[in-house]
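Please keep the model in view while reading.

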Amino acid sequence: MLKRSWALLALAACLAASLACGSPKKKVTTEEIREGRDRELYAEGLRAMRKRRYEEGRLLLSTLIGSYDSSPLLPLAKLLIADSFYREGSASSLAQADVEYREWLQFFPQHPLADDVLLKIAQIHVRQIGPANLDNTEARRAERELLRLVREYPQSKLQPQVQEYLKFTREQLGMHSLGVARLYFKQQKYVAVKGRCESIIRNYPDFTYMDETLFLHGVALTHLEDTPEAAKSFARIVREYPNSEWRDKAAEYLERFGVEVPAPAEGAEVKQVVRKSFIKRKFEEIFGPSASVTKEGIILKKDDTIDPEVEELLVSLGVRTDVITPESTITGQGKQIQTYGQRALNGQTEAARPTATEPAPTSRRADEPTPKVVEPKKNKKSKAQPPR
């Protein structure tokens with residue numbers, strides 16, 4: 001009998017689970033597709049983005065993407081969604097912007113704005129570069145995207161800006177490698193010092209601490225008994241960096257090797273040693289470098305203005321960037337978004353409508369006395385003391 005009851009309970013549980021799994025899902029509410037509605041949706045989404053209502057704008061643009069997959073506004077709708085995450089600026093938003101921009105490039109690699117999108121991906125990582133003495137992952141990612149832009153879009157008008165970011169990124173990568181080389185030098189690990197310094201010399205020729213890098217490289221080679229190569233590093237310091245603090249020490253090593261000390265180079269070959277101030281170096285060691293990276297999107301620029309080229313393209317596609325259609329929108333998630341005109345109309349209606357606590361006024365005869373308003377008595381505070 002007990003076994004039978006357990007079997008019935010198990011059967012009932014299985015039946016309940018199957019009914020729960022097979023229950024019909026709720027239908028997703030979508031709006032009816034009609035001609036020209038994609039342009040209206042984009043205009044409404046753009047207006048919401050300009051007002052920093054990013055969630056509302058993303059819902060409107062997602063409706064456009066889900067309902068009008070053949071619309072010519074599809075690339076700009078996806079791009080505006082990615083821009084909204086970039087403009088929010090938090091770490092999670094930047095990570096989502098990176099995903100959205102990369103997905104956009106997969107769908108539209110030949111679009112006229114493809115180089116702008118690739119630069120924006122690089123800027124996401126440049127904005128997150130931390131102190132050089134910590135992790136350099138973001139700097140490496142930024143360098144990889146910038147080099148990809150140089151390789152895939154060599155005729156882009158953004159190349160001057162790309163070169164500036166490359167210089168900044170490589171400076172941070174060089175500082176990271178030099179910090180590791182200094183640590184190995186203190187520990188007398190000269191093989192590791194040699195490898196780090198050669199990586200800097202090979203990959204970052206414009207590194208501002210190249211004179212120190214060459215000196216550490218020469219000393220490491222000296223301890224490794226590779227005098228000819230060490231002499232080349234010391235001679236380069238004397239020749240190219242005559243104002244360096246390492247110049248005299250490099251000359252001493254050359255004299256010890258019996259190698260002639262070269263004369264300083266003339267003209268453009270002489271490189272001036274430029275050092276940051278002590279306060280700025282300490283600040284960057286704690287908070288990271290300060291990069292002049294724009295926080296504006298590709299479509300929406302500073303002060304929520306639209307990029308002139310994009311605005312011209314939108315006008316050619318029939319999108320009005322200054323007017324909102326007087327219709328509400330039903331999004332793909334079944335959520336209703338009211339337009340700005342409808343909000344204002346509803347606000348006026350709500351203001352004119354009497355509230356529950358304020359009854360509507362009724363007509364009263366002239367000879368009828370005015371009723372007295374009796375205010376409710378306030379409860380006196382209890383004088384009872386709480387138990388101790």
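The side chains of Glu-198 and Lys-194 meet in a salt bridge, with N and O 3.2 Å apart; the term requires a side-chain nitrogen of Lys or Arg within 4 Å of a carboxyl oxygen of Asp or Glu. Both residues lie in helix α9 (residues 190-203), four residues apart, which is about one turn of the helix. Glu-198 counts as partly exposed at 28% relative accessibility, where buried means under 20%, exposed over 50% and partly exposed in between (1.4 Å probe, protein chains only).

The model is predicted, so local features need pLDDT of at least 70 and side-chain atom pairs count only at pLDDT 80 or more, while totals for chains, interfaces and linings use all residues. Residues are numbered from 1 along each chain as its sequence is written, and side-chain values use heavy atoms, with hydrogens and water left out.

Glu-145 is buried at 4% relative accessibility, whereas Arg-102 is partly exposed at 27%.

## Two packed helices

Helix α2 (residues 37-50) and helix α4 (residues 74-88) pack at an angle of about 10 degrees, with their axes 11 Å apart. That angle makes α2 roughly parallel to α4, a term for angles under 35 degrees.

How values were computed:
Axes fitted to C-alpha atoms, helices over the stretch in contact; angles between N-to-C directions. Parallel < 35°, antiparallel > 145°, perpendicular 65-115°, else oblique.
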